Amino acid sequence: MDTTAEPLAAAYFDGITSRRHRVTLQVDNGIASIHGDVERQCPLAGLRVSEASRHGARIVTFPDGAYLEIEDRMAFAALLARTGHRGTLVARLQQSWRATLLAAAGMTIIMLLLWRFALPLLADAVAAAVPASVEQALGQRVLEQLDERMFAPSTLNEAEQQRIAAQFTRLAATLEGAQHYRLLFRKSRIGPNALALPSGQIVLTDELARLLVDDDEALMGVLAHELGHLQRRHLMRRVVHGAATGAATMALFGDASAMLATVPALLLDLKYSRDAELEADDFAATLMAAAGLDRARLALALERLAGDGEQAHAYLSSHPATAERVARLRDGVDKQRPK
Ligand SMILES: [Zn+2]
């Protein structure tokens, strides 16, 4: 495909002055040669072909900005075709709309990938960087709203509360930052439940304490699971991810009150992901083992919650995958997911 082509008349402009130079263009072995008033050569690959806007001439631009104006489009196309370079220049021009579509599709895919993979990572990083003071403020705000909407003061007597609190303190003792974790008692309208707040407070409802009153180990299992949610920052990740997905990232960085406003609603309507549940269970199993407790008691607690009917609905719907969790806790999570 390296047949020598006929020279083609063209006008050469240096790209700086408006002076017109009469030249001929020849293509040989993939090299474009200019002869006449100006002598220069350039590999075809370095040239750009476009349409002139005024009178339909072809413009061939050199890398340095100099260009050729070629009036005879047909001869030019023929020249490129003869030299076997039609595909490189002319087709490129004709397919530019296709390139535009492809680029648009490419951008869309990149945006989707970013949304799917980068955003969660970003959310995790931001969640990890949320200062303790913000978490405290969040927790306080959430607790106030919950107290207003669905909690009443606990009806457990002092001795019961102290007994459970003491076991909880022992359970959390080995954790980093153990002093930040506090157990709160509330009577609730939502039945047996335990809720971990971003501040490190875990609210235990009287109904859950009574359901598991004969099985402290099972109750500690449920609380260990909540500690898992706190340690892995599941709620904060959800909050940040939600804020970012809602394009509220600016509000998040600029004004924490926007985020504060969304959290109580999120917590009330919270459904942890299956992955978060299993992660919290793994955490609970390890913590229970460290405290000399049997993780199968947590499986038992879940079964009793499930068997408690309507009342248990709130807990089970916010902590899904119950059957799978029970099976994993019974079979031994360590075998499946070595730590
Ligand atoms: Zn959970």
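Predicted model: local features only at pLDDT ≥ 70, side-chain atom pairs only at ≥ 80, totals over all residues.
Local features need pLDDT of at least 70 and side-chain atom pairs pLDDT 80 or more, while totals for chains, interfaces and linings use all residues. Residues are numbered from 1 along each chain as its sequence is written, and side-chain values use heavy atoms, with hydrogens and water left out.

The protein chain has 15 helices and 11 strands. Both are DSSP runs numbered from the N terminus: helices are H or I runs of at least four residues, and strands are E runs of at least two. Of the 339 residues in the protein chain, 44% are buried. Buried means under 20% relative accessible area, exposed means over 50%, and partly exposed lies in between (1.4 Å probe, protein chains only). The protein chain exposes about 17,500 Å². Carbon and sulfur atoms supply 57% of that area. Accessible areas come from the Shrake-Rupley method with a 1.4 Å probe; for residues, only the protein chains shown count as cover. Contact means heavy atoms within 4.5 Å. Among contacts with a separation of 6 or more, residues 24 or more positions apart account for 61%.

Strand β1 (residues 8–13) is mostly covered, with 5 of its 6 residues buried. Two strands pair if DSSP finds at least two bridges between them. β1 pairs with strand β2 (residues 21–28) in the antiparallel sense over 5 bridges. Within that pairing, histidine 21 in β2 is the bridge partner of tyrosine 12. β1 also runs antiparallel to strand β7 (residues 67–70), joined by 3 bridges. Here phenylalanine 13 stands opposite tyrosine 67 in β7. β7 in turn pairs with β6 in the antiparallel sense over 4 bridges. Glutamate 69 in β7 is the bridge partner of isoleucine 59. β6 and β7 form a hairpin with 5 residues between them. In the turn, glycine 65 has a positive phi of about 100°. In a regular strand the side chains alternate between the two faces of the sheet. In strand β6 (residues 58–61), Arg58 and Val60 point one way and Ile59 and Thr61 the other way; all are buried.

An open sheet of 4 strands has the order β8-β9-β11-β10, with mixed pairing. β8 (151–153) and β10 (194–196) stand at the edges, each with a single partner strand, so one side of each is left without a neighbour in the sheet. The twist averages 40° from one strand to the next. β9 pairs with strand β11 (residues 201–205) in the parallel sense over 5 bridges. Leucine 204 in β11 is the bridge partner of phenylalanine 185. α5 packs on the sheet and touches β9 and β11. The direction of α5 makes about 140° with that of β9. Axes are lines fitted to C-alpha atoms, for helices over the stretch in contact, and angles run from 0 to 180 degrees between N-to-C directions.

Threonine 205 is found in strand β11 and is buried, with a relative accessible area of 0%. A polar atom of the threonine 205 side chain lies 3.1 Å from the backbone oxygen of glycine 191. Leaving aside neighbours within four places in sequence, threonine 205 is in contact with Phe151, Arg186, Ser188, Gly191, Pro192 and Asn193. Glycine 177 lies in the loop between α5 (158–172) and β9 (182–188). Glycine 177 is partly exposed, at 23% relative accessible area.

The zinc ion is coordinated by His225 (NE2), His229 (NE2), Glu277 (OE), Glu277 (OE) and His319 (ND1), at 1.9 to 2.6 Å. Donors are N, O and S atoms within 2.8 Å of the metal (3.2 Å for Na, K and Ca); water is not among the atoms, so sites may look incomplete. The donor residues are spaced H-x3-H-x47-E-x41-H in sequence. Glutamate 277 lies in helix α11 (residues 274–290) and histidine 319 in the loop between α13 (313–318) and α14 (322–331), so the pair ties together parts 42 residues apart in sequence. Glutamate 277 is buried at 0% relative accessible area, and histidine 319 is buried at 2%.

Alanine 276 is also placed in helix α11. With 8% relative accessibility, alanine 276 counts as buried. Leaving aside neighbours within four places in sequence, alanine 276 is in contact with His229 and His234.

Methods. Polar contact = N/O pair within 3.5 Å; in protein donor to acceptor, adjacent residues only side chain to side chain.
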